[in-house]
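The sequence and structure are shown first.

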Amino acid sequence: MLPFTTSTLSSQNKLKPTTSAINEIAAVFPIKPEALKPDAKYRTPGPIIKEFSLNTSMHGIPGIARSESIHNRFFWTASFLIFTGIMCYFISQAIIAYFQYPTQTSVEFVGQWPQPFPGVTICNYSPLRYDQFIGPYLNYTNSLNWTNTTDTTVFTRNQGLHIIDFLQTKLNRNESLSEFYFPLESMLVKCVYNGMNCSAADFIQFKLPLYGHCYTFNALATYINNGELHYNNENGKSGALELGLYTHSHQYVPYLTDGVSIVAMVHDNQQMPLIDRANTQLAPGRKYKFGYSKKTNYLLPAPYTTCNDESSLGLKALYNQYEGIQYDYSQELCFKVAIQTFTYQECGCVSPYEWSARYIVLPGTTDVIHAQLCNVSDTCYSKAADNFRSSDSIIGKYAADCGLECTTNEFIVKLSSIATPASWYLNDIKEFVESTSIPLTSNWSETWISDIQANYVGIDVICESTRVEVYTQQASMSPVDVLSNVGGQTGLWIGISFLSLMEIAEMLYRLIRHRCQHMRDRMFK
């Protein structure tokens with residue numbers, strides 16, 4: 001029997017002859033020893049790579065593998081490299097375009113019935129009523145030797161220069177200004193919603209430096225309408241609010257305003273209205289129709305936009321002044337709070353013109369600070385506001401979370417008006433004015449008709465259409481689009497498909513297997 005060794009088992013569990021055994025076989029049989037040795041192609045990875053190159057479905061590589069001349073091989077190699085470079089360029093552009101997160105906006109019209117009636121906010125154009133304000137104000141100015149008078153019937157321009165100082169002093173002492181404002185009960189002559197009477201109890205109240213107390217109908221509040229909103233189908237109607245308001249312009253503080261009006265705004269129910277900026281001014285002697293239709297906007301979240309629906313601690317502190325009222329995040333108010341926070345850190349006080357946002361939460365803390373108002377003559381607060389607006393780094397630190405609202409409801413209003421009040425309605429208004437706590441004009445009994453015409457404002461807010469415009473932001477490129485783009489580029493330039501990748505994977509597997517087998521052979525040789 002011929003001697004064989006069993007120490008060189010292959011991965012297929014077959015016996016391989018040793019060199020001595022091969023030589024003994026060759027001595028017995030007329031066979032050359034080289035013929036009994038394993039084929040050299042199994043000892044190198046070259047044949048595996050060549051077999052892949054000749055049979056792959058990718059373009060270019062088979063041309064290189066079967067080339068018989070250097071010129072032909074150079075041609076196919078250069079072509080393959082050039083087209084691979086072009087392919088890589090277009091693939092990189094597709095990937096870069098995706099990570100720029102482009103968007104597009106779709107518009108659709110949907111019918112929404114019933115829909116919540118919007119919030120309607122009204123304010124008197126003048127924040128202060130003269131009869132309550134003048135006494136404390138004269139005491140203040142006399143105490144500082146700015147004036148020396150007790151005559152409440154005369155108010156000069158020079159006396160009006162110190163109103164802001166007076167209000168700032170009251171606020172820094174944590175004294176209320178509510179007694180100086182016009183109460184809604186003295187302004188609201190008429191309130192009817194969908195044919196049902198409403199009253200001042202159906203309005204929420206908030207404060208603004210420009211207008212004093214403002215009042216909102218149909219805001220989302222826990223203590224009004226059982227914490228629910230009014231819908232436009234209530235009482236079998238289609239959504240109509242009728243208001244009659246009286247300005248009491250004879251009680252306006254002179255030199256504080258330059259006109260007489262009611263300011264109004266139609267807005268979302270959970271929005272704190274920026275009525276000091278986005279209002280409609282309504283002159284007395286007219287009845288105004290606000291015919292509205294609804295528009296809804298949806299923005300994509302990060303990374304497509306920086307939109308935000310979460311209120312910061314500082315913004316929550318501002319909202320917490322109004323217990324029971326549910327306000328949503330607002331970008332404008334977020335920036336206002338951020339500017340006040342930066343001003344406080346720079347000056348130790350906040351802008352006296354934005355005293356409704358004086359609740360500060362410093363970055364990195366959770367404590368709410370009730371900040372003092374800066375003196376009007378102090379320029380620190382205005383310089384701080386300028387520095388805030390001109391510095392991206394400051395904005396990034398104090399207003400990083402002040403993105404656009406992710407979801408907003410807007411109301412497109414068409415405004416028209418008619419003359420009011422009609423002669424048969426004058427006596428009802430007269431009776432109301434005489435019943436309020438605000439003093440009448442000195443010659444009311446003679447001029448009441450002209451006084452009513454100079455002070456009465458009518459407002460009708462009506463739902464004109466249940467059709468809602470919906471603007472939805474969508475991603476222009478999805479991961480599927482990127483994959484399709486990449487596949488198109490690879491297929492166009494060098495013919496790579498998923499099956500081609502499987503061919504590459506097969507080759508790599510064979511090379512790894514060959515390498516492992518070679519290492520085992522060396523270990524047991």
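At what angle do helix α3 (residues 46-55) and α15 pack, and how far apart are their axes? The two helices pack at an angle of about 170°, with axes 10 Å apart. The model is predicted: local features require pLDDT of at least 70 and side-chain atom pairs count only at pLDDT 80 or more, whereas totals for chains, interfaces and linings use all residues. Residues are numbered from 1 along each chain as its sequence is written, and side-chain values use heavy atoms, with hydrogens and water left out.

**Helix packing**

- The angle makes α3 roughly antiparallel to α15 (angles over 145 degrees count as roughly antiparallel, under 35 as roughly parallel, 65 to 115 as roughly perpendicular and the rest as oblique).
- Axes are lines fitted to C-alpha atoms, for helices over the stretch in contact, and angles run from 0 to 180 degrees between N-to-C directions.
- Helices (H or I, at least four residues) and strands (E, at least two) are DSSP runs, numbered from the N terminus.
- On the α3 side, the contact (heavy atoms within 4.5 Å) involves Ile48, Ile49, Glu51 and Phe52, and on the α15 side Glu503, Ile504, Met507, Arg510, Leu511 and His514.
- The residues of the α3 contact with α15 comprise six nonpolar, one polar and three charged (Ala, Val, Leu, Ile, Met, Phe, Trp, Tyr, Cys and Pro count as nonpolar, Asp, Glu, Lys and Arg as charged, and the others, Gly among them, as polar).
- Helix α5 (residues 70-99) and helix α14 (residues 479-493) have axes that come within 9 Å and cross at roughly 170°.
- That crossing makes α5 roughly antiparallel to α14.
- Residues of α5 in this contact include Phe83, Phe90 and Tyr98, while those of α14 include Pro479, Asn485 and Trp493.
- In the contact of α5 with α14, 12 residues are nonpolar, three are polar and none is charged.

**Surface patch**

- Leu483, Phe498, Leu499, Leu501 and Met502 form a nonpolar surface patch with about 570 Å² of accessible area together (Shrake-Rupley method, 1.4 Å probe).
- Such patches join residues with over 30% relative accessible area and no salt bridge, with nonpolar side chains linked within 5 Å.
- Helix α15 (residues 498-523) gives the most to the patch, with four residues.

**Backbone geometry**

- The peptide bond from Trp113 to Pro114 is cis, with omega near -5°, and Pro114 lies in the loop between β1 (103-111) and β2 (119-124).
- Ala302 and Pro303 are also joined by a cis peptide bond, with omega about 10°; Pro303 lies in the loop between β10 (286-298) and α8 (313-319).
- Asn194, a residue other than glycine, has a positive phi near 50° and lies in the loop between β3 (188-193) and β4 (196-197).

**Salt bridges**

- The count comes to 10 salt bridges (a side-chain nitrogen of Lys or Arg within 4 Å of a carboxyl oxygen of Asp or Glu).
- Lys190 forms a salt bridge with Glu242, with the closest N and O atoms 3.3 Å apart.
- Lys190 lies in strand β3 and Glu242 in strand β7 (residues 240-246), so this pair ties together parts 52 residues apart in sequence.

Terms used:
Patch = residues over 30% accessible without salt bridge, like charges linked within 9 Å, V, L, I, M, F, W, Y side chains within 5 Å.
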